[in-house]
Amino acid sequence: MKRRRLLQTAAGLGALVVLRPVAAAPAPAPSPVLDVLVQGFANNQPVGTGRVKLGISPLIENGNAAPLTVTVDSPMTAADHVKRIAIFNEKNPERDVAIFTLGPRAGRASVSTRMRLATSQRLVAVAELSDGSFWQDRADVIVTLAACIEE
Amino acid sequence: MARTLVTVPKSAKRGDVIEIKTLIAHPMETGFRTGDGGSVLPRNIIRRFTCRYGDEVVFAAQLFPAVSANPLLSFFTVATDSGTLTCTWEGDNGFAQTESVALTVT
Amino acid sequence: MRTRALGLVVLLVFATGGAADERRSGLAFMSPALRAMQEDETSNPGTLWVKDGEASWSAPAGDAKRSCASCHGEAATAMRGVSARYPAYDARLARPIDLAGRIESCRTRHQRAAPVAREDATLLALEAFVGAQSRGLSIAPPADKRLDPYRARGKATWQRRMGQLDLSCADCHDGNAGRKLAGSVIPEGHPTGYPIYRLEWQSLGSFERRVRGCMAGVRAQPFAEDAVEQVELELYLMQRAAGLAVETPAVRP
């Protein structure tokens with residue numbers, strides 16, 4: 001009786017293990033606004049999460065100039081490289097930030113610049129690879145304003 | 001002529017991946033700010049940046065008002081042969097500026 | 001000479017009681033990204049003004065058509081350590097002047113150039129260029145007895161409540177440094193890196209402009225342009241910051 005129970009439990013557990021789905025790549029931080037922009041840039045092709053890193057300080061001392069770096073994990077060979085990187089925002093007066101064109105001559109897919117942030121919001125960087133695939137990374141920023149406004 | 005600063009390594013070995021840092025003095029006026037008197041300050045931004053290594057474009061950028069004033073653009077390229085890196089900024093009101101820097105590749 | 005230097009070192013050790021220096025420049029209150037923006041001169045926007053100043057240094061100017069270099073020579077040697085010991089006493093004006101005042105004095109008297117406003121781009125660029133020649137050096141206020149009464153008045157200004165908000169500089173920068181004012185960290189107020197590239201201004205600006213912003217912030221009447229009170233305050237603050245490193249051109253939020 002005990003042995004049968006043990007076997008049944010083991011089989012059940014085995015079934016559980018088999019039936020449990022493979023852990024999916026984490027979904028991008030939700031933002032309907034950014035979803036539309038990403039889909040537009042990717043011509044409605046599927047956009048993976050990962051391979052791209054949007055590096056920006058989570059706490060921004062002044063929204064006039066926030067340093068950021070976008071890096072894409074890519075060998076940057078003629079056969080496999082990053083073609084373009086686009087950055088979009090949620091809450092500035094305009095959604096576009098910049099679109100960078102790279103290529104195999106780049107050697108490394110890493111671009112740095114400084115952007116304006118009107119308020120705390122979510123940002124996205126999308127990369128288009130030479131094989132036609134698209135990848136994205138999102139980052140949240142909290143923007144503090146100067147305590148005393150000049151003039 | 002806006003002041004620029006283009007930084008490349010003094011020399012590189014063939015095949016090295018080198019970083020190029022560029023800065024240009026430009027207000028990148030968004031077109032959303034109001035000046036004294038309440039009227040909107042018109043948009044005046046750099047819209048396009050290209051970097052040519054010899055004849056070939058190795059990096060380009062399309063910029064929008066969300067890019068900060070006195071914009072920094074920093075990127076990488078593979079050192080192939082000794083040559084000239086030519087950076088061009090173009091924008092509103094006919095703004096166009098080019099800076100060339102020599103790169104020594106051994 | 002060596003004995004005197006040694007004596008000074010001994011004196012300093014005694015004066016500080018060998019205690020650790022707890023003063024921190026505004027650099028220490030910034031995020032790593034902004035610290036990197038300041039410390040990497042190839043990506044510090046202030047460098048654009050330093051380069052402008054470098055060009056101005058060698059360019060003939062004014063009715064006299066003389067360049068700064070024609071009198072001073074190479075800035076890297078002639079101007080090294082200069083901004084670290086300003087404000088200084090000007091015997092001809094019989095009052096202290098800040099670095100901008102000294103540059104303006106040279107421009108108008110020796111180059112016979114037209115005077116310009118404090119925030120004029122050429123003047124700021126020269127200030128940035130001259131200041132950059134002291135980058136990394138310790139702030140070293142001159143031991144000039146003539147400066148003492150002015151410095152004392154500067155200290156009194158620092159400690160005096162002012163404006164509709166009835167706050168003194170000391171209330172925030174001595175009493176509450178490191179704490180937050182509406183999301184921003186209050187720095188200690190050491191003018192180590194002027195002229196600074198201030199993100200709020202999206203441009204390089206002078207210490208005078210910064211003080212004007214603070215005073216307007218507490219709804220006090222800012223000093224008049226070229227007012228001696230401005231120089232007195234800077235005199236006191238540079239003494240208060242003595243030994244900290246010059247950071248010109250600094251980056252600040």
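Two strands pair if DSSP finds at least two bridges between them. With that in hand, here are some close-up views of this predicted model.

**View 1. Strand β6(A) meets strand β5 of chain B.** Here β6(A) and β5(B), the latter spanning residues 56-63, run antiparallel and are joined by four bridges. To find your place along the pair, look for I99(A), whose bridge partner in β5(B) is Q62(B).

**View 2. The contact between chains A and B.** Chain A brings 25 residues to this contact, and chain B brings 23. On the chain A side, β6 (96-101) and β7 (110-115) each supply at least two of the residues that touch chain B. Sorted by class, that side of chain A holds 10 nonpolar, nine polar and six charged residues.

**View 3. The contact between chains C and B.** Now we turn to another pair of chains, where eight residues come from chain C and 10 from chain B. The side of chain C that touches chain B is made up of four polar, two nonpolar and two charged residues.

View 4. Following the helix onward, you come to R219(C). The phi of R219(C) is positive, near 60°.

Methods:
Residues are numbered from 1 along each chain as its sequence is written. Chains are lettered from A and ligands numbered from 1 in the order in which they are written. This is a predicted model: local features need pLDDT of at least 70, side-chain atom pairs count only at pLDDT 80 or more; totals for chains, interfaces and linings use all residues. Two residues are in contact if their C-beta atoms, placed from the backbone, lie within 7 Å. Ala, Val, Leu, Ile, Met, Phe, Trp, Tyr, Cys and Pro count as nonpolar, Asp, Glu, Lys and Arg as charged, and the others, Gly among them, as polar.
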